[in-house]
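This briefing is intended for a reader with the sequence and coordinates at hand. It is arranged by topic, from chain totals to individual residues.

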Amino acid sequence: VILTMHNDGASIQQVLAEMTNQRTVPNVFVNGTHIGGCDATYQAYQDGSLQKLLGDNQITEPYEYDLIIIGGGSGGLACSKEAAALGKKVMVLDYVVPTPLGTSWGLGGTCVNVGCIPKKLMHQAALLGQALQDSRKFGWQYEEQVKHNWEVMVEAVQNYIGSLNWGYRVSLREKSVTYLNSYGEFVEPHKIKATNRKGQVTYHTAETFVLATGERPRYLGIPGDKEFCITSDDLFSLPYCPGKTLVVGASYVALECAGFLAGLGLDVTVMVRSILLRGFDQEMAEKVGAYMETHGVKFIRKFVPVQVEQLEQGMPGRLKVTAKSTEGPEILEGEYNTVLIAIGRDACTRNIGLQTIGVKINEKNGKVPVNDEEQTNVPYVYAIGDILDGKLELTPVAIQAGRLLAQRLYGGSSKKCDYINVPTTVFTPLEYGSCGYPEEKAIEEYGKQNLEVYHTLFWPLEWTVPGRDNNTCYAKIICNKQDNNRVIGLHILGPNAGEVTQGFAAAIKCGLTKELLDETIGIHPTCAEVRKGEGTA
Amino acid sequence: CRCRTRAAAVGTGRRPPPSVRALAASALPGKNEYDLLVIGGGSGGLACAKEAAQFGRKVAVLDYVEPSPQGTAWGLGGTCVNVGCIPKKLMHQAALLGSSLKDAQHYGWSISQPVHHTCVQNYVKSLNWGHRVQLQEKKVKYFNIKGSFSDPHTVRGLTKAGKETVITADNIVIATGGRPKYPVHVAGALEYGITSDDLFWLKESPGKTLIVGASYVSLECAGFLTGIGLDTTVMMRSIPLRGFDQQMASLVTEHMESYGTKFLKRCFPTKVEKLKSNRLQVTWKNADLGTEETDSFNTVMWAVGRAPDTKTLNLEAAGVKTNSETGKIIVDASEATSVPHIYAIGDITEGRPELTPTAIAAGKLLAQRLFSQSSELMDYDNVPTTVFTPLEYGCVGLSEEAAVQRHGSDNIEVYHAYYKPLEFTVAERDATQCYIKMVCLREREQRILGLHFIGPNAGEVIQGFALGIKCGATYPQMMKTVGIHPTCAEEVTKLHITKRSGLDATVTGC
């Protein structure tokens, strides 16, 4: 079809654009399957998919699997189970490269093993420490001496994680998903090499692939970091109490870990290069930090470590950290039992043979660019979860993306993952829940004059009896005046912020406006009811 | 407006003839001392008074607490602050902290065996004072007297010193609330029993306690008493939590049983006697077995419902109509009674939810309509609420029964899940009753009619979802909402098993 020879060429082009996201010509279809433009056709020829579509089945053997997923984390497992439930033959490869200190774990990925789950449980342990203090004010009497035993906690947490690992393996088996505890890398189009712990190699082919390898903690790249420091990959299964700890970084991982370590009674210092919780609302981030400071966490601002030396071996040993100011020649030295690095995470995309099959990554951060259907530049390769470029690094997002992807691929669905207004919570000692825009971002997008910010400080009823931390809990909503005062950002700092934020996120999804917020009756007495009737900033 | 009528009268220089003036002395606007008189200084009354004062109006509040039969009385602020939500939630928190002490040991904390004592009263007293101060700041005149109508614009009462006070107002709001009922045919009930009005002010631990009734007040009190280590029994005649979703209500009581609260089901008391030991001997009938049983307790508490506090108001003098069965005041959508300038808000009104935030919102909106040209009416639909039992139960919208009744069981879809809060795993706590149920219309967009949640922090969880339901949330919208991991609230966004399917609704893994 040559568009310029048609009277309604323009509207055909429009329809094509809607169907294929491509306005340019040539726009190539083979037997109703969209290939793309000129480059994509060449690409399809090279990777063999063109031949396959043209019915050249004699030269390509049928694939062993319909779908192979590299990475058995939350997203990968969700996708595999959904695809298998839709009758497809599915394989999941999962392999944990041990940390420099040798820590490794089972099936389930970051969230279950070294992320959300152990973090929330240790946060709970710290909250219970606070509850013990509060309980005296509420009339409970017991001996003054209260001690925390790290080993008991780690064992309990790891036992629970172990049961989850096992549960995942069982559920894969039940759903007839093949699970391989091997490292996967592409060796040619539609084909991967899988290497297990013993070095045994097998090869597998599939029609479609999903990359879900996730991320691992970044190291500082300074003398002593890999030898003597730990990351969140090590912390949750650490067989001994970390003692006096330096946390390097101000990511949510850094602040959450620093928060619960301090809550368990440890001496904790956070070394921050620039700002806290980059990407989050900065007013909230500073309040999170301030609360931590009043609860005993020390902050060293505008310093970066340049060297870590071991003074003494042990469990824990003693480490000397040398740090340099980011603003001048000033040098700081400090002694710690443990140094925890939490300066960010890197996508595991550079050693899985992506260049072999031509999958493009963002060279700067190693992340994988995808279209709104999680498809990479190589049509039979998709990617989900933390390795996506410009998307959110959250378990529920990966799960949703994985499940919807399988439904689109094999269930005739057209539902796409919605990355807008995704709520999240930082489990610092005072939890911080947010949904939608940070204030800075909202101002950038809509202009200050078009926004109204309502905010309030509040004092949870449960804190009045122990008489603690008045004027620390804070809530803020950001409304777009141009759009019926629609709520475009919600930020809550207070106990149970995660539980509180979830429902509000659902309401924002349903188009919540300030007017409706005002009309809704609160539940008395809860923290969640405070969001109503706030004063204007 | 009071000022304007006066100015007009002066301007024209005309006065009505004396006979007319006498007849209408207190009936004409402009002749009264106050723009607004609020009878009852509870949550609703105070909110209404303060809001009106903010508009520059002359406002008075009457509040008087008739001591309970056991002699308990308290200050300004009403039920919620003194003998309701606030002390209840604090006692609930004390009980939760008891569970925390147990949990903490699984999380690595080592502590010795705890013992309990009470200290919540101090906090309640400081809150009263706070309310009084707020009234002064907002220039609301406060009278600590028990008022009764002498005509539609006049309320009289005696001060503690015995001095008669007469207050006239253009608009009057009745917000006197309710008080616990006593059973009428149980000998010794009034003499030996207490109610929630007394419980929070007891100087000593109530000891082994029997609570009669299965209202939310009963279950909440029984829950925290059990939680602080007391031997607690609930005696219920028929169903628990009448008016609430009955599946949820059974889960709540089931959990309480496993938590240690004892239940005497299908039983009703016949007499209470005082023994020489000062213990109270209660005799009751078991309706199922037809037997008579007896046991002794340190404390017997009645939680058999609440009655409106209207008897002493002399409502006939004002012509305000009440429902003869319930004794509650009949109001229209604008909270007006049968007498147009007399309004009623809060627990005293017929057919309205008995909830503090509802009374507050109704009071504020009423003041805005009266004095600030607002026409916004109170919306009593989809009001969320939470029962603070040991495992909390939060809900908004219709119960499953009500949805079936209204729409027919073929036209509703119920999504449900049994889930396990992450924190319960390490603490080795039983999560059998942690359950979520969402009742939706079955056709088209599957609009959500009701949401029910049992689990920790149910109050905090349900609040935001109530907003969503207010926005007309549908099942697909709820499913499009991404969860916050790991929370209990995220389970609401993951509900996918329908009751109709008969599939196992137990949530597994992440």
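Predicted model: local features only at pLDDT ≥ 70, side-chain atom pairs only at ≥ 80, totals over all residues.

**Chain composition**

- Chain A contains 17 helices and 27 strands, and 56% of its 537 residues are buried.
- Chain B contains 16 helices and 24 strands; of its 510 residues, 56% count as buried.
- In chain A, 60% of the contacts with a separation of 6 or more are between residues 24 or more positions apart.
- The corresponding share in chain B, for contacts with a separation of 6 or more, is 63% between residues 24 or more positions apart.

**Annotated domain and site in chain A**

- An unreviewed UniProt entry gives residues 65–402 of chain A the feature "domain: FAD/NAD(P)-binding".
- His524(A) is listed by UniProt, in an unreviewed entry, under "active site".
- The loop that holds His524(A) runs between α17 (514–519) and β27 (535–536) of chain A.

**Helix pair in chain A**

- Helix α6 (residues 116–137) and helix α10 (residues 252–263) of chain A pack at an angle of about 35°, and their axes are 8 Å apart.
- The crossing of α6(A) with α10(A) is left-handed.
- On the α6(A) side the contact involves Lys119(A), Met122(A), His123(A) and Ala126(A); on the α10(A) side it involves Tyr252(A), Glu256(A), Phe260(A) and Gly263(A).
- Sorted by class, the residues in the contact of α6(A) with α10(A) are four nonpolar, two polar and two charged.

**Antiparallel sheet in chain B**

- Five strands of chain B form an open sheet with antiparallel pairing, in the order β20-β21-β24-β23-β22.
- Its edge strands are β20 (385–387) and β22 (412–418) of chain B, each of which pairs on one side only.
- On average, neighbouring strands in this sheet are turned by 10° against each other, direction ignored.
- Within the sheet, β23 (residues 435–441) and β24 (residues 448–454) of chain B are joined by six bridges in the antiparallel sense.
- Met438(B) has Leu451(B) in β24(B) as its bridge partner.
- Helix α13 (residues 400–407) of chain B packs on the sheet and touches β22, β23 and β24 of chain B; the direction of α13 makes about 165° with that of β22(B).

**Parallel sheet in chain B**

- Another open sheet of five strands in chain B has parallel pairing and the order β10-β17-β11-β12-β13.
- The edge strands here are β10 (194–195) and β13 (262–265) of chain B, with pairing on one side only for each.
- β10(B) runs parallel to β17 (residues 299–302) of chain B, and two bridges join them.
- Ile194(B) stands opposite Met301(B) in β17(B).
- Helix α9 (residues 216–227) of chain B packs on this sheet, touching β11 (209–212), β12 (232–236), β13 and β17 of chain B; the direction of α9 makes about 160° with that of β12(B).

**Backbone features**

- Most peptide bonds are trans, and most residues other than glycine have a negative phi.
- Met315(A) and Pro316(A) are joined by a cis peptide bond with omega of about -5°; Pro316(A) lies in the loop between β16 (303–312) and β17 (318–325) of chain A.
- In chain B, a cis peptide bond joins His485(B) and Pro486(B), with omega of about -10°; Pro486(B) belongs to the segment after α16 (475–480).
- Asn278(B) is not a glycine, yet its phi is positive at about 80°.
- Asn278(B) sits in the loop between β14 (267–274) and β15 (280–286) of chain B and counts as exposed, at 53% relative accessibility.
- Arg444(B), also not a glycine, has a positive phi of about 45°.
- The loop between β23 and β24 of chain B holds Arg444(B), which is exposed with a relative accessible area of 71%.

Definitions and conventions. Residues numbered from 1 in each chain as written. Chains lettered and ligands numbered in written order. Heavy atoms only, no water. UniProt positions renumbered as here; feature names shortened; annotations may be inferred. Helix = DSSP H or I, 4+ residues; strand = E, 2+ residues; numbered from the N terminus. Pairing = 2+ DSSP bridges. Axes fitted to C-alpha atoms, helices over the stretch in contact; angles between N-to-C directions. Contact = heavy atoms within 4.5 Å. Left-handed = near helix turned anticlockwise from the far one by under 90°. Nonpolar A, V, L, I, M, F, W, Y, C, P; charged D, E, K, R; others polar. Buried < 20%, exposed > 50% of the residue type's maximum accessible area, 1.4 Å probe, protein only.
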